[in-house]
Amino acid sequence: MFELILDAGPVVKLVLVILVYFSVVSWAIIFYKWRVVYRALADSERFLDFFWAKKRFDAIGQGLRDFPHTPLTTLFREGYQEMVKGRQRREGEDPGADFGFGGNVERALRRATTSEIQRLEKFLPFLATTGSTAPFIGLFGTVWGIMDAFHGIGESGSASLAVVAPGISEALVATAIGLAAAIPAVVGYNHFIAKVNNLTNEMDNFSQEFLNIVDRMGRR
């Protein structure tokens, strides 16, 4: 394999360098997202237990540092801050203002959810790009290598297997490396998108529960 790469033409070598770059970056993203997503899932489960065990929002706010990787703490922080602002407006200079139990808190939670989804999906488009383009880049290298091989056959005037086989083998290396880069990227992208969707559903459910609690507090 290594000899085939060294014997390949300059265009095929350039294609191989591009594919190796895609593969290395894809694996780096896969390991990074594995760490980020699974920490978020574990911390989310722990935070939900903590959230329902506590009876006061201020007590929950003091324990947020124990769950640094879950997006739910960001939602809680943003929603709680907006709720406190509404309370201050009501009790301060503008007694007639809305307490903030409704639309303001909901908008804050929606903004936080969008921001956290963007953070969790960061770098995933690169995996999708690698999965969809690497095979074609490899195929381009193969086609170019075969053209080069046939050009060499024409110049040598011999079409024996001993002359044809080395050039074809060199060309097919590009397709093999293209597939080697694309397959892990596709698997990683689909896996992490599914996990991010689970976290998104978790954030939606938490937002709804948070709004229900705030709504009940507003009616007291």
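1. The accessible surface of the chain comes to about 12700 Å². Carbon and sulfur atoms account for 59% of this surface. The structure under review is a predicted model, and the values below should be read with that in mind.

2. Concerning secondary structure, the chain contains 7 helices and 0 strands.

3. Burial and contacts may be considered together. The chain has 220 residues, and 36% of them count as buried. Among contacts between residues at least 6 apart in sequence, 79% join residues at least 24 apart.

4. The largest nonpolar core comprises 32 residues. Within this core, the residues with the most contacts are F47, F51, F57, I60, F76, F206 and F210. At least two core residues are supplied by each of α2 (10–53), α3 (57–62), α4 (71–91), α5 (103–120), α6 (124–156) and α7 (161–218). The largest share, 10 residues, comes from α7.

5. Leaving aside residues up to four places away in sequence, F47 touches I60, L64, F67, T70, L72, T73, F76 and F206. Of these partners, I60, F76 and F206 are also named with F47 among the residues with the most contacts inside the largest core.

Conventions
Residues are numbered from 1 along each chain as its sequence is written. This is a predicted model: local features need pLDDT of at least 70, side-chain atom pairs count only at pLDDT 80 or more; totals for chains, interfaces and linings use all residues. Side-chain values use heavy atoms; hydrogens and water are left out. A nonpolar core is a set of buried Ala, Val, Leu, Ile, Met, Phe, Trp, Tyr and Cys residues joined through side-chain atoms within 4.5 Å. Buried means under 20% relative accessible area, exposed over 50%, partly exposed in between (1.4 Å probe, protein chains only). Helices (H or I, at least four residues) and strands (E, at least two) are DSSP runs, numbered from the N terminus. Contact means heavy atoms within 4.5 Å. Accessible areas come from the Shrake-Rupley method with a 1.4 Å probe; for residues, only the protein chains shown count as cover.
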